[in-house]
Amino acid sequence: MTGQLAGGDLSRLRQLNTLTVVHALRQQAPRTLREVSRAAGLSRAASEEVLRELEAQGWVEQVDPAAGTMGRPARRYRFRADAGWVLGVDVGGHTVRAMVADLDGEIRHALRQPVSPAAGRAERLAVVDKVVAECLAGSGRTGAEMWATTVATSGLTDAAGRVVLSVALPEWTGVHLAEHLSRLVSGPVMVENDSRLAALAETWRGVARYAQNVVYLLAGLRTGTGLIINGQLHQGFAGAAGEIGALPEMGWIRAQEHLRTWPDAPAGTDPEDVAALVFAAAREGDRRALTMVRRYVKDLALGASALVLALDPQMVVLGGGFSRSADVLLEPLRREFDKRCIRTPEVLQSALADDAVALGAVRHALDHLERHIFDPGSGLAAPAAPKR
């Protein structure tokens, strides 16, 4: 029994040493053995042994000596971000997007295709299949090489990857997105609300990178929100956190109606384009347009103020399709917060625009790998052998 424990302890030590070396190399410039040893806090011999194993497994490779190096150059090592891949998919009302990224989060290929807002389940899933297949082909990867995939969608989702409720997309309630995507890719497939993933993207590569507590407002033909609390995406007990729009009293259900009646819009104009015309007229000082915008912002701010009062965030980020008109929305939104909130947080326009949700899906998939592959609590094990 004692021998088994000792063997287990030794195995665990090797596992921890391996993770420490990986962390010393990830998202860093190539390092020498001495630099790796110092960063990992390991002896030179232990570091060399771990590097040799990681190199054999395809996680690490040696790189050419630095230009101008005199004498016998020290070996330098880099983590192979292309040892694994993740996929992010955004299933939107008007567009389906997909992104393939390496383990450092570098987007290697991205693709989008329009889809009719009236498309039913079968038609929308067919577009998803096409976009995913073409994005994978464009990246030079296959579905079998994906280590993790996250799919973003509107509405409520469950842990199994099923859409529990969606009012924005026709025939979408009940669709099992995780099961559907599992036909196309290897590795775990996770499904998450689009507003939450957009919030995650803003804290990764957007305007909220330095913020720990954020309310993200997805403003468009529908309104949604994502919450970042203490630097973590907040989902709630059953994944319904932030669904304040379900209360009619909060105004989010009726908010968009203020923007639909612009008299100068040609017949048959898409509702989102009608809103853009209203914002453009407001930008030019049209009094009727300014009134319509003010009414929209007042309803948007009602629910948003409730979240601000509940969470006291450092920042509110305005995203979604309407964020392109932030120049006419942000200032009235700040004024509404000033009226209702004890403290008005910083209010900023999204830096990621239409790519926010897909980028958030990529980050979510990477976070899954961080927890299950690179975290010391679960150990390091390659789900697939990297291609050389």
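Modeller: Happy to! This is a predicted model, where local features need pLDDT of at least 70, side-chain atom pairs count only at pLDDT 80 or more, and totals for chains, interfaces and linings use all residues. Residues are numbered from 1 along each chain as its sequence is written, and side-chain values use heavy atoms, leaving out hydrogens and water.

Colleague: Which residues does L25 touch, not counting those up to four places away in sequence?

Modeller: Contact here means heavy atoms within 4.5 Å. With those sequence neighbours set aside, the partners of L25 are R31, V36, L51, V60, Y77 and F79.

Colleague: How many residues does the second, separate core have?

Modeller: A nonpolar core is a set of buried Ala, Val, Leu, Ile, Met, Phe, Trp, Tyr and Cys residues joined through side-chain atoms within 4.5 Å; buried means under 20% relative accessible area (1.4 Å probe, protein chains only). L227, A255, A281 and A304 are included in this second core. Its residue count is 37.

Colleague: At what angle do the axes of helix α6 and α10 cross?

Modeller: Helices are DSSP runs (H or I, at least four residues), numbered from the N terminus. Axes are lines fitted to C-alpha atoms over the stretch in contact, and angles run from 0 to 180 degrees between N-to-C directions. The axes of α6 (residues 194–205) and α10 come within 7 Å, and their crossing angle is roughly 80°.

Colleague: Why is α6 described as it is relative to α10?

Modeller: Angles of 65 to 115 degrees count as roughly perpendicular. The crossing is roughly 80°, so α6 is, relative to α10, roughly perpendicular.

How values were computed
Buried means under 20% relative accessible area, exposed over 50%, partly exposed in between (1.4 Å probe, protein chains only). Helices (H or I, at least four residues) and strands (E, at least two) are DSSP runs, numbered from the N terminus. Angles under 35 degrees count as roughly parallel, over 145 as roughly antiparallel, 65 to 115 as roughly perpendicular and the rest as oblique.
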